[in-house]
Amino acid sequence: KNRLEHEPRLTGAKLDTLAALSLCQDLSSSAPTLSRQVVFNVAVCVATMKTLMKDQAIEEVRYQVWKLDIVSNWQKYLLRVTDCSFMYWALDIVPNILNDMFDNPSEAHRLPFFFAVLNDAPKLLKQVEHEDDKD
């Protein structure tokens, strides 16, 4: 960006690249909302599609965008990989778990996590489709 700012005369492509880089810099200093991420990705594509950057610099930018995506979407990824809807089929152990927490008050901090696990069961139940009887 600094190299482009100090050039005396900018062409259309260089001006587009400078604007995209400025937009990337402004967006990277704010909260990563979905709309900002979309605009950021478009700006990165515009900045890297011109032949003004070396391949190594483009790869570094893409790597940093990938890391930013992981940092800003970690909750979605975590939610996807920690599905505990199988606990619906293990409801027989729920009273034992609750009794264990009741008998050990120092384990009360586990209660919100346990209810979060049980909260995954409705997702499974909503996917059930009933078949018609063949009578």
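I began with burial, where a residue counts as buried if its relative accessible area is under 20%. I applied this to Gln 37 in a predicted model, and at a relative accessible area of 14% Gln 37 is therefore buried.

**Entry on Gln 37.** Setting aside the neighbours within four places in sequence, I found Gln 37 in contact with Pro 32, Asp 69, Ser 72 and Asn 73. With Ser 72 there is also a polar contact, made side chain to side chain at 2.2 Å.

**Entry on α2 and α3.** I turned next to the packing of helix α3 (residues 34-49) against helix α2 (residues 12-28), and noted an angle of about 150° with the axes 8 Å apart. The crossing in which α2 passes α3 is left-handed. From α2, I listed Asp 16, Thr 17, Ala 20, Leu 21, Leu 23, Cys 24, Leu 27 and Ser 28 as making the contact, while α3 contributes Arg 36, Val 39, Phe 40, Ala 43, Val 44, Val 46 and Ala 47. Sorting the contact of α2 with α3 by class, I noted eleven nonpolar, two polar and two charged residues.

**Entry on confidence.** I also looked up the pLDDT of the protein chain, which averages 80, with 90% of the residues scoring at least 70. By element, confidence is lowest in helix α1 (residues 2-5), at a mean of 58, and highest in helix α6 (residues 94-103), at 91.

Technical notes. Residues are numbered from 1 along each chain as its sequence is written. Side-chain values use heavy atoms; hydrogens and water are left out. Axes are lines fitted to C-alpha atoms, for helices over the stretch in contact, and angles run from 0 to 180 degrees between N-to-C directions. Helices (H or I, at least four residues) and strands (E, at least two) are DSSP runs, numbered from the N terminus. A crossing is left-handed if the near helix is turned anticlockwise from the far one by less than a right angle, and right-handed if clockwise. Contact means heavy atoms within 4.5 Å. Ala, Val, Leu, Ile, Met, Phe, Trp, Tyr, Cys and Pro count as nonpolar, Asp, Glu, Lys and Arg as charged, and the others, Gly among them, as polar. Buried means under 20% relative accessible area, exposed over 50%, partly exposed in between (1.4 Å probe, protein chains only). A polar contact is a pair of N or O atoms within 3.5 Å; within protein, one must be able to donate a hydrogen and the other to accept it, and residues adjacent in sequence count only if both atoms are side-chain atoms. pLDDT is the predictor's confidence in each residue, from 0 to 100.
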